[in-house]
Each structure stands twice: as structure tokens, then as C-alpha cells.
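Okay, let me put this one up on the screen. I'll start with a loop residue and then work through the packing.

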Amino acid sequence: SFLQNLYNRGFEGKHLKLVVMDGSAGLKAACELVFPQAKIQRCWFHKLQNVSNYCKKKYREDCIHQARKARRIYKAKDQTQALKEFKAWKKAWQRSCPKAVHCLEKDLEQMLTFLDCPKSHRIRVRTTHVIERTFREARRRIRVFSCFTNTKSSERILFAIFDYLNHRWKAKPLKRFTQFN
């Protein structure tokens with residue numbers, strides 16, 4: 001309903017090329033319905049957390065190490081190299097943690113969508129952290145205010161926060177805007 005509401009209020013998404021999201025099946029289905037032209041990029045951070053959840057306890061320590069090795073997949077320069085890195089990672093883990101391998105493999109296409117973006121954008125769109133950081137910053141700043149008198153005052157403060165973050169992001173992309181590199 002949120003996406004449909006955006007569409008109904010005029011955001012038709014004609015130029016929308018990419019939607020970055022976690023693994024929510026409902027959100028994925030809604031995006032495909034409301035904005036069918038947009039490609040989907042699944043969040044690497046959340047996916048690697050899910051992958052590690054499928055590792056047996058006796059492999060848990062090794063799984064953390066292998067999750068680090070899986071970073072080679074998303075740090076690849078292009079789709080071809082990423083697929084090569086995935087195949088190497090899969091070969092190392094297929095026997096001991098087949099469910100973990102399947103967890104990544106079934107969504108691999110949507111995990112690598114960001115590689116179609118310009119290199120300067122890739123670090124920003126391969127995870128949902130930039131979005132999550134924005135909302136954490138909004139919550140942090142809103143807490144200092146004791147209350148809002150109405151919806152309009154809430155919208156004004158949120159707009160001010162998002163506008164500030166947009167300018168900050170433009171001036172210093174990622175370094176101070178996010179908590180990771």
C-alpha cells in the first residue's frame with residue numbers, strides 16, 4: 001500500500017532504475033507490481049547474515065571466515081568476475097553447508113544487479129545501510145524534540161533532516177554519512 005500510495009500521489013517511477021531492499025518477499029512483490037521496470041538489488045549485508053544462519057554450529061567459525069571470502073563476489077569489477085568468485089566460494093562450501101550456498105545462489109542475480117551501475121554508485125547501492133543510516137539519523141534528531149503539534153510539523157522536521165543529509169552526502173559521500181566503507 002505504501003508503494004501504491006506513492007504511485008497514486010504522482011511518483012510513477014518512470015525513471016526509477018533500481019530498488020535496493022532486504023529480503024522481504026512482500027516488498028519485492030510490491031515493487032515488481034508497482035514499478036515493474038525497476039531492477040531489484042538485494043542487500044549484501046542482510047544476505048550474508050542469512051547465509052551464516054544456515055551454517056551448522058560446527059562450521060560457524062569457518063562460516064564467518066567464508067562470509068568474509070564471499071565479499072570477493074561483491075567486490076568484483078564486473079558480472080563475469082563476480083560469477084567466477086561465486087563459483088569458487090560455492091565449491092568451497094557446497095559439501096559442508098549446502099543450505100548456506102543455496103541461500104546465496106537462489107538470489108544471486110538480484111545480489112549482482114548493482115554491478116550494472118556506474119562504479120562510483122556501487123558501494124552505495126549494494127546494501128540498504130545508507131537508507132537505514134538515514135532513518136537512524138532521523139530518529140536520533142527527532143528524539144531531542146519533546147513532541148510535534150501536528151503532522152505538518154513532523155513532515156517539516158523530517159524534510160529538514162533529509163535535506164541536510166542529502167547535502168552532506170553530496171559533499172562527502174559515504175565517509176561521514178554511513179558507518180562503514
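**A loop serine, then the cores**

So, S96: leaving aside neighbours within four places in sequence, S96 is in contact with K56 and Y59, where contact means heavy atoms within 4.5 Å. S96 sits in the loop between α5 and α6; helices here are DSSP runs of H or I, at least four residues, numbered from the N terminus. Is S96 buried or exposed? Buried, with a relative accessible area of 15%; the cut-offs are under 20% for buried, over 50% for exposed and partly exposed in between, using a 1.4 Å probe and protein chains only.

Quick caveats: this is a predicted model, where local features need pLDDT of at least 70, side-chain atom pairs count only at pLDDT 80 or more, and totals for chains, interfaces and linings use all residues. Numbering runs from 1 along each chain as its sequence is written, and side-chain values use heavy atoms, with hydrogens and water left out.

Now α4. Its buried residues are C63, Q66, A67, A70, I73 and Y74. They cover an arc of only 115° around the axis, so they're on the same side of α4; that arc is taken from the directions from the helix axis to the C-beta atoms. Their cover includes α3, α5 and α6.

The largest nonpolar core has 25 residues, and W44, I73, W89, L104 and L112 touch the most other members. By nonpolar core I mean buried Ala, Val, Leu, Ile, Met, Phe, Trp, Tyr and Cys residues joined through side-chain atoms within 4.5 Å. Apart from that core lies another, of 8 residues, including V19 and V34.

Notes
Helices (H or I, at least four residues) and strands (E, at least two) are DSSP runs, numbered from the N terminus.
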